[in-house]
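Here is a short briefing for a first look. Please have the sequence and the 3D view open as you read.

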Amino acid sequence: MLDKAQRFFNCEDYASALEVYNFCIDKICPDYPPMWNNRAAVHLKLGNLHCAIEDSTKALELLQPAVDANAVMRAKALIRRASALAELKFYDQALSEFQAAAKILPENEGIQSNIKRMECLIIEDSSEDESD
């Protein structure tokens, strides 16, 4: 089922991917972190930002304890949650999430780029507040 959902996702058929993930989470494997993590990615693509945050959070809860074996999946969940927070303009929170992901994957250029982007957006946001 995970492969089927991933094929839909790769073909940009996000509605179908969401249906498969919903079915799997509701009926088959509610405690399987990749389902929650991947559904968060679908929600991001569909613009369901609050759902993306909820699913990323659930994935992180299921990925306890934090060990090397689940490090990459934890980083993905953090990145997805950060991305949703950034879209909602919660830049400080998004920055914290990206920084947490960077602790797991310090060499990841995408994460480092997003950290810099959040820092710039925070500066812009604070300077806009000062000018009001």
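This is a predicted model: local features need pLDDT of at least 70, side-chain atom pairs count only at pLDDT 80 or more; totals for chains, interfaces and linings use all residues.

Residues are numbered from 1 along each chain as its sequence is written, and side-chain values use heavy atoms, with hydrogens and water left out.

**Whole chain**
- The chain has seven helices and zero strands (DSSP runs: helices are H or I with at least four residues, strands E with at least two, numbered from the N terminus).
- Its C-alpha atoms fill a box of roughly 50 × 30 × 25 Å along the principal axes.
- Buried residues make up 40% of the 132 residues (buried is under 20% relative accessible area, exposed over 50%, partly exposed in between, with a 1.4 Å probe and protein chains only).

**Helix H2**
- H2 covers residues 14-28.
- Tyr14, Ser16, Ala17, Leu18, Val20, Tyr21, Cys24 and Ile25 are buried in H2.
- These buried residues pack against helix H1 (2-10) and helix H3 (33-46) (contact means heavy atoms within 4.5 Å).

**Surface patch**
- Met1, Phe23 and Ile28 make a nonpolar surface patch of about 290 Å² (areas by the Shrake-Rupley method with a 1.4 Å probe, where for residues only the protein chains shown count as cover).
- Patch residues have over 30% relative accessible area and no salt bridge, like charges being joined within 9 Å and nonpolar side chains (Val, Leu, Ile, Met, Phe, Trp, Tyr) within 5 Å.
- A salt bridge is a side-chain nitrogen of Lys or Arg within 4 Å of a carboxyl oxygen of Asp or Glu.
- Ile28 is partly exposed, at 47% relative accessible area.
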